[in-house]
Amino acid sequence: MITALLFGGFFALLVAGIPIGMALGLAGAVVIGVAGLGIMSLPTTVYTGMAKYPLLAIPMFVLTGLIFERSGVAERLVTFALAVIGKRRGALPAVAIIVAMFMGGISGSGPATSAAVGAVMTAAMLREGYPRAFTASVIGAAAATDILIPPSIAFIIYSVMVPQASVPALFAAGMIPGILAGLALLVPAVWMSRHHGFGEVAKEGEARPSIWQAFKDAIWGLMAPVLILGGMRAGLFTPTEAAVVAAVYGLFVGFVIYRTLTLRDLYKVLVESAELSAIILIVVSLAGVFAWATGTLGVIDPIAKGIVELGIGQYGVMALLIAALVVIGMFLDGVSTFLILLPILVPIANHFQWDLVWFGVILTMKLAIGQFSPPMAVNLMVTCKIAGTTMEATVRWVGWLIVSMFLALAAVVAFPGLALWLPKTLGY
């Protein structure tokens with residue numbers, strides 16, 4: 001009865017339009033009160049839910065992403081990628097995917113990268129005749145790779161909830177699957193462009209942008225992921241400290257190198273990053289109430305045991321989790337999904353003796369697919385608004401991108417070394 005009240009109340013609040021964080025906190029608080037678990041424990045539970053050192057990296061990486069977006073890094077990366085690829089059919093979708101992957105190495109947030117890359121690429125793609133829905137689909141799918149390519153906010157949350165998987169190990173493990181996912185998206189994006197005749201080709205005698213000049217303009221943006229990951233690998237700073245270094249580096253590039261930032265811009269960036277970070281951390285803290293209620297009531301073990309005892313084996317369970325999490329990912333962001341479901345999923349992984357770093361990458365890839373799967377894809381919401389189209393119109397195009405990402409996911413499931421080779425090589 002109490003279990004039904006906990007989960008039923010949570011989903012009822014979601015259906016009623018209550019924000020995810022408030023729904024988690026209210027459902028947990030009501031059950032704590034009804035079950036007599038000590039209502040006065042709520043303030044402490046809320047505080048301890050977010051009073052964790054690794055979570056300090058989240059506001060700093062959010063700030064870093066916004067700084068690089070405002071300073072014109074994305075625009076310079078686009079120019080460099082176009083200079084390398086050249087003007088041909090399918091070039092702009094390929095550029096959008098590649099730039100989104102680079103931006104993922106700076107911000108670690110899918111919706112943030114959707115906005116940054118969408119602001120730069122949408123107008124260019126529309127000018128060359130790419131349909132609005134196709135444009136929104138490609139950019140939204142490309143931005144989904146950002147929760148895999150380090151730094152990743154989703155990986156930070158996962159590490160906080162699963163201490164056996166360290167942040168450096170997760171960051172290293174996500175690198176190859178993230179690149180694989182980006183390459184998988186390139187194939188259908190370029191194929192659809194050429195098949196339907198989207199985009200322009202270079203005219204005879206048309207000058208190609210200077211690769212060297214474009215590289216010099218973009219080098220500061222290209223160096224940001226190197227600084228973040230290289231500094232952690234060299235032991236110069238922790239992931240949390242790396243977030244601070246990245247933010248300072250972004251300010252240096254914006255104010256000194258590109259000179260595109262002003263004090264007014266900095267104020268706006270600080271306000272916006274504070275708002276976004278507050279939303280994430282409020283959800284984390286209120287989810288702590290929900291998690292404490294489920295743990296105290298002992299409702300997690302029976303659910304996990306029931307899934308394990310379905311009699312379908314570890315591969316059947318993995319297929320079930322993939323299907324469930326992709327659907328859930330359509331409606332919830334990765335942070336919320338981890339906070340709600342990890343207490344159930346980790347015991348299942350331990351039962352089958354799955355590597356928890358590999359398991360974290362698999363879960364994150366599932367959520368990445370959900371970020372651009374209609375009807376409630378968070379990335380597509382952003383890109384559709386920028387492109388001036390509807391979510392329904394993207395279904396025709398985004399389906400091929402979803403299939404290609406599924407193939408990348410299947411490869412990582414079948415060959416765990418794709419995720420585990422790099423962290424083992426680096427000694428994590």
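Contact is defined here as heavy atoms within 4.5 Å. In this predicted model, local features need pLDDT of at least 70 and side-chain atom pairs count only at pLDDT 80 or more, while totals for chains, interfaces and linings use all residues. Residues are numbered from 1 along each chain as its sequence is written, and side-chain values use heavy atoms, with hydrogens and water left out.

Of the contacts in the chain between residues at least 6 apart in sequence, 80% join residues at least 24 apart. The secondary structure comprises 20 helices and zero strands, both assigned as DSSP runs numbered from the N terminus (helices, H or I, at least four residues; strands, E, at least two). The radius of gyration, taken over C-alpha atoms, is 22 Å, which agrees with the value near 22 Å for a compact globule of 428 residues; the globule rule is 2.2 Å times the number of residues to the power 0.38. Along the principal axes, the C-alpha atoms fill a box of roughly 75 × 45 × 45 Å.

Buried residues (under 20% relative accessible area, with a 1.4 Å probe and protein chains only) account for 53% of the 428 residues.

Ala 387 belongs to helix H18, which spans residues 378-387. Because its relative accessibility is 0%, Ala 387 counts as buried. Beyond its neighbours within four places in sequence, Ala 387 is in contact with Thr 122, Arg 132 and Ala 136. Between Ala 387 and Met 22, the separation is 365 residues in sequence and 31 Å in space, C-alpha to C-alpha.

Key:
Buried means under 20% relative accessible area, exposed over 50%, partly exposed in between (1.4 Å probe, protein chains only).
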